[in-house]
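Subject: Structure handover

Hello,

Here is the structure you asked to look at. My notes follow below it.

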Amino acid sequence: KKPRNFPPGPDWIPILGSALAIQKLRNQTGYLYQACAELSKQYGPVVGLRVGKDRQVVCFGYPAIKEMLSKEEFDGRPRGPFYETRTWGKRQGLLVTDEQLWVEQRRFVLRQLREFGFGKRTMAQLVEEEAYQLVQLFKQEVQDGGAIIPMRDAFSVPVLNTLWSMLAGIRYSPEDKELKKIQSLLTELFANIDMVGALFSQFPILRYVAPEMSGYKSFVSIHQKVWKFLRNELDNHKETFNPDEMRDIMDVYLKTLKSEDKTDTFSESQLLAICMDMFMAGSETTSKSLGFGFLYLLLHPDVQKKAQAEIDRVVGRDRLPSLNDRPHMPYLEAITYESVRVFMGRTFSIPHRALRDTTLQGYFIPKDTMIIANFNGVLMDKEFWHDPEVFRPERFLNDKGAIQVPDQYLPFGAGKHQCMGQTLARSNIFLLTASLLQNFDLSVPPGEAPPSTLGVDGVTPSPGEYNAWVTLRA
Ligand code: HEM
């Protein structure tokens, strides 16, 4: 039964709750985020749903999303078989944990990310190295005057490399066998996972009566493979560990594990869960922002031209752009913001959970309700952005041409669960975009239709596959 004063929404039918109503809208609109946007048009900025055992509230629009992200009562993360099976029956990692374990582990990892630097490698140098390698790769392709390059997945290797370098000191060349292995594992993982849950989490009995149909079997098997991959690297690190020479975050964590004053939340399995969560949170979000960003750049040669003029003015052509150039390159910075906006404007947040009975926008939210932000409601809001479907970096520049980011720009969340990888993500997007545009012109390949901006449905939709005709800049 719906609790009194619970946010309005479609009827809850026995067992299924509102699942059929959502599915119907998803089929009609083609996208889950649009199905939920439709519900918000009908019922208002907070919509109350039930999907199997889960009571869910979806927020739409700035006031509701801001309240959800900033109110401490909503700092929980969902519980249930889905969130535990991924880390062997215990809630571990960073993405879907809360309370003591999350506070301590988040603090540890944030400090490592902030102070990152092992040997001579700082985070900026890692990203700059990846940008250099990507430019070299493109140069090889276009050496005969130009080449058609598939763009959607062009960024996954450099992005993965920055993450894995920081965590475990490993970077791959694009042909590497290990890289192919981890890439296919991650693709499988993303295809199978949807942080809002899965059929078997909303209807737990399906784990036993329909393990294949409910996705449970493949969920377990893919996690076993990811776990094995990470465990191998952990074993390598343990064998070659030297307490006087920290190589990466894994080493620092191992050192902490050996120290007397560590707390109970530190463990080897927690370290593996952190690695898995960083991959999950960091790789597809960054690559898809770049994928959407370049798709729009193909469609907007004028934006490319303006960016290239800024690069020529600030950096010239004799060296690659670096992160030190960023303060002098507001237009490129604005492209970075816009790329993340057009991607995240099609997605949901990682779900939160009400830690106790509370209210949201005046409605009653019982303890343990799952709360989800539909970022479409803030990042694609017509009233606020006026032309949200248009790729227009100028919206992040004031009349003096300096960066100005409005409060409604919330693609990294806000509050205590705010994204931990924002700096890395923005550095990657900025530098990979600037380095490619410095060296190449990209356009829709002759004879091909312009790529669609609609994207492929999913909890984090991706652009469809598309090609660019890439030539060296004159
Ligand atoms: C364009 C790229 C990215 C976007 C748009 C993005 C967005 C987000 C959002 C919306 C959240 C959820 C906030 C909430 O639940 O309230 C989040 C959390 C998180 N992100 Fe990112 N992210 C990106 C890249 C990264 C990268 C590169 C990393 C890793 C280095 C990362 C690590 C995390 C982690 C660990 C969390 C969980 C934080 C917590 O619950 O305390 N993200 N991110």
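Residues are numbered from 1 along each chain, as its sequence is written. The model is predicted, so local features need pLDDT of at least 70 and side-chain atom pairs count only at pLDDT 80 or more, while totals for chains, interfaces and linings use all residues.

Overall picture

The protein chain has 18 helices and eleven strands. Helices (H or I, at least four residues) and strands (E, at least two) are DSSP runs, numbered from the N terminus. The C-alpha trace spans about 65 × 55 × 40 Å along its principal axes. The radius of gyration of the protein chain is 23 Å, which agrees with the value near 23 Å for a compact globule of 474 residues. That radius is taken over C-alpha atoms, and the globule rule is 2.2 Å times the number of residues to the power 0.38.

Of the 474 residues, 44% count as buried. Buried means that 20 or more other C-beta atoms lie within 10 Å of the residue's own; exposed means 12 or fewer, and partly exposed is in between, with C-beta atoms placed from the backbone. Two residues are in contact if their C-beta atoms, placed from the backbone, lie within 7 Å. Among the contacts with a separation of 6 or more, 75% are between residues 24 or more positions apart.

The ligand shell

The ligand is surrounded by 25 residues, the closest being Ala281, Gly282, Gly413, Cys419 and Gly421. By class, the shell has 14 nonpolar, nine polar and two charged residues. Here Ala, Val, Leu, Ile, Met, Phe, Trp, Tyr, Cys and Pro count as nonpolar, Asp, Glu, Lys and Arg as charged, and the others, Gly among them, as polar.

Helices α13 (268-299), α15 (330-344) and α18 (422-439) each supply at least two shell residues, and α13 gives the most, with seven. Of the 15 residues of α15, 14 are buried, so this helix is largely enclosed by the rest of the structure.

Cysteine 419 and what follows it

The UniProt annotation "binding site", from an unreviewed entry, covers Cys419. UniProt positions are given in the numbering used here, feature names are shortened, and annotations may be inferred rather than shown by experiment. Cysteine 419 lies in the loop between α17 (382-385) and α18. It is partly exposed, with 17 C-beta neighbours inside 10 Å. Leaving aside neighbours within four places in sequence, cysteine 419 is in contact with Phe412 and Gly413.

Methionine 420 is in the loop between α17 and α18. Methionine 420 is buried, with 21 other C-beta atoms within 10 Å. Not counting residues up to four places away in sequence, methionine 420 touches Leu94, Arg106, Val109, Leu110 and Leu113.

Back to arginine 426: this residue is buried, with 20 other C-beta atoms within 10 Å. Its C-alpha atom is separated by 8.2 Å from that of threonine 286, 140 residues apart along the chain.

Backbone angles

Glutamate 99, in helix α5 (residues 99-114), has a positive phi of about 55 degrees although it is not a glycine. Histidine 386, also not a glycine, has a positive phi near 70 degrees. Histidine 386 lies in the loop between α17 and α18 and counts as exposed, with 10 C-beta neighbours inside 10 Å.

Regards

Terms used. A residue is near a molecule or strand if its C-beta atom, placed from the backbone, lies within 6 Å of it.
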